[in-house]
Amino acid sequence: MLPTAELHIHIEGTLEPEMLVELAARNGVGLPTSDLDELRAKYDFTDLQSFLDLYYANLPVLRTDQDFYDLTSAYLARAERAGVRRAEIFFDPQVHLNNDVPLGAVFEGIGGALRDSPISTDLILCFLRDLGPDAAAETLRKAMPYRERFIGVGLDSAEVGHPPAPFAEVYQRAAAEGLHRVAHAGEEGGPDYVRDALDVLGVERIDHGIRAMEDPELVARLRDEQIPLTVCPLSNVALRTVDKLSDHVLPAMLDEGLAVCVNSDDPAYFGGYVDDNFAALRSELGITEEQLATLARNSFDACFVDDERKSAWK
Ligand code: ES4
Ligand code: ZN
């Protein structure tokens, strides 16, 4: 098993149908069906929005500390088997607040599971870009009583039509609080989204970034500045950002000397965890052992920890 860091994982995207049904029953939340095959049949997407519609529709089953604990523990147990030594985990507080779940339950539940795991972990709070910058600022304000429980902020949800620039002020506030900054960019959006995430939001890593490859000048910059890109190959296929894995730009990104690493994004929805992503890269893209070693090294280099801790994993 290749030891790796996982830096692009939405904890809500690890909700497997089995746990969805279990939590729905526990909390008396209705589902359109409890049949696992029928639920799995819905996991067939045409684009990012078609996935987000199902992802958000499933999340009202998460209600209590225990629900968040169980979700997170299940991910961490699976991640351990996948070779994950370090996980920097996204969560979407606005979803839970909108479902009338208090932030305390989210932090207590997820945080408890993190404490009970041997994997090195930290949390990154994501803003839902389609809810706009004012809602993001309000969310950061509400999260400040829990400031010591997360290390950074991110930007996710529907990308096209929701560019980075309007979030400049809330990212500035996050920076002033000593928080790390990342953003999804160049998943469905073009190279401009990646450039603005860097220049306007001051992000330290780009989540996805695959469409940066359409702009040679931007590619040169990403290489020169060694900006980490958290690429999610099975996610890109599932959301039809690429037609098939053999068309993926990951090998070209490696050839360009970009600081890419491999991640699972929403593994319950996209066909597998990070080890499954590595296996698919091997079998369908002919990624070599040497390239796999580079991807793993890049993942540790991109972690938000000091160099001493990194070298213990590498
Ligand atoms: C996401 Cl794949 C993806 N893209 C954007 N936002 C997301 N939230 C959860 N998964
Ligand atoms: Zn993502």
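The structure is a predicted model.

1. Helix 1, buried side. Helix 1 covers residues 17-27, and Pro17, Leu20 and Leu23 are buried in it. These three residues lie on the same side of the helix, because the arc they cover around the axis is only 125 degrees. The buried residues of helix 1 pack against three elements: helix 2 (36-41), helix 3 (48-58) and helix 4 (65-81).

2. Helix 1, opposite face and end. Glu18 and Ala25 are exposed, and they sit on the face of helix 1 turned away from its buried side. After helix 1 comes Gly28, with a positive phi near 65 degrees.

3. Strand 5 and its surroundings. How many of the 6 residues of strand 5 are buried? The count is 5, so strand 5 (residues 180-185) is largely enclosed by the rest of the structure.

4. Pairing of strand 5 with strand 4. Strand 4 (residues 152-156) runs parallel to strand 5 and is joined to it by 2 bridges. For Val153, the bridge partner in strand 5 is Arg181. Together with helix 8 (residues 168-176), strand 4 and strand 5 form a β-α-β unit that is right-handed.

5. Pairing of strand 5 with strand 6. Strand 6 (residues 205-208) also pairs with strand 5 in the parallel sense, here over 4 bridges. Ala183 has Ile206 as its bridge partner in strand 6. The chain passes from strand 5 through helix 9 (residues 191-199) to reach strand 6, and this β-α-β crossover is likewise right-handed.

6. The residues around ligand 1 are His10, Gly13, Leu48, Tyr55, Asp156, Ser157, His184, Glu187, Ser235, Asp265 and Asp266. By class, this shell comprises 5 polar, 4 charged and 2 nonpolar residues. His184, one of the residues around ligand 1, falls within the range 180-185 of strand 5. Asp156, also listed around the ligand, falls within the range 152-156 of strand 4.

7. Asp265, a positive phi in a buried loop residue. Asp265 has a positive phi near 70 degrees, although it is a residue other than glycine. Its place is in the loop between strand 8 (259-262) and helix 13 (267-270). Is Asp265 buried or exposed? Asp265 is buried, because 29 other C-beta atoms lie within 10 Å. Asp265 is also among the residues around ligand 1.

8. Asp100, a positive phi in an exposed loop residue. Phi of Asp100 is positive as well, near 65 degrees, again in a residue other than glycine. Asp100 is placed in the loop between helix 5 (93-98) and helix 6 (103-115). Asp100 counts as exposed because it has 8 C-beta neighbours inside 10 Å.

9. Ile287, a buried loop residue. Ile287 is located in the loop between helix 14 (274-285) and helix 15 (289-301). With 21 other C-beta atoms within 10 Å, Ile287 is buried. Leaving aside neighbours within four places in sequence, Ile287 is in contact with Pro251, Leu281, Arg282 and Leu292. Pro251 stands 36 residues from Ile287 along the chain, and their C-alpha atoms are separated by 7.5 Å.

Technical notes. Residues are numbered from 1 along each chain as its sequence is written. Chains are lettered from A and ligands numbered from 1 in the order in which they are written. This is a predicted model: local features need pLDDT of at least 70, side-chain atom pairs count only at pLDDT 80 or more; totals for chains, interfaces and linings use all residues. A residue is buried if 20 or more other C-beta atoms lie within 10 Å of its own, exposed if 12 or fewer, and partly exposed in between; C-beta atoms are placed from the backbone. The arc is that of the directions from the helix axis to the C-beta atoms. Two residues are in contact if their C-beta atoms, placed from the backbone, lie within 7 Å. A residue is near a molecule or strand if its C-beta atom, placed from the backbone, lies within 6 Å of it. Ala, Val, Leu, Ile, Met, Phe, Trp, Tyr, Cys and Pro count as nonpolar, Asp, Glu, Lys and Arg as charged, and the others, Gly among them, as polar. Two strands pair if DSSP finds at least two bridges between them. A crossover is right-handed if, with the strands pointing away from the viewer, the path from the first strand over the helix to the second runs clockwise.
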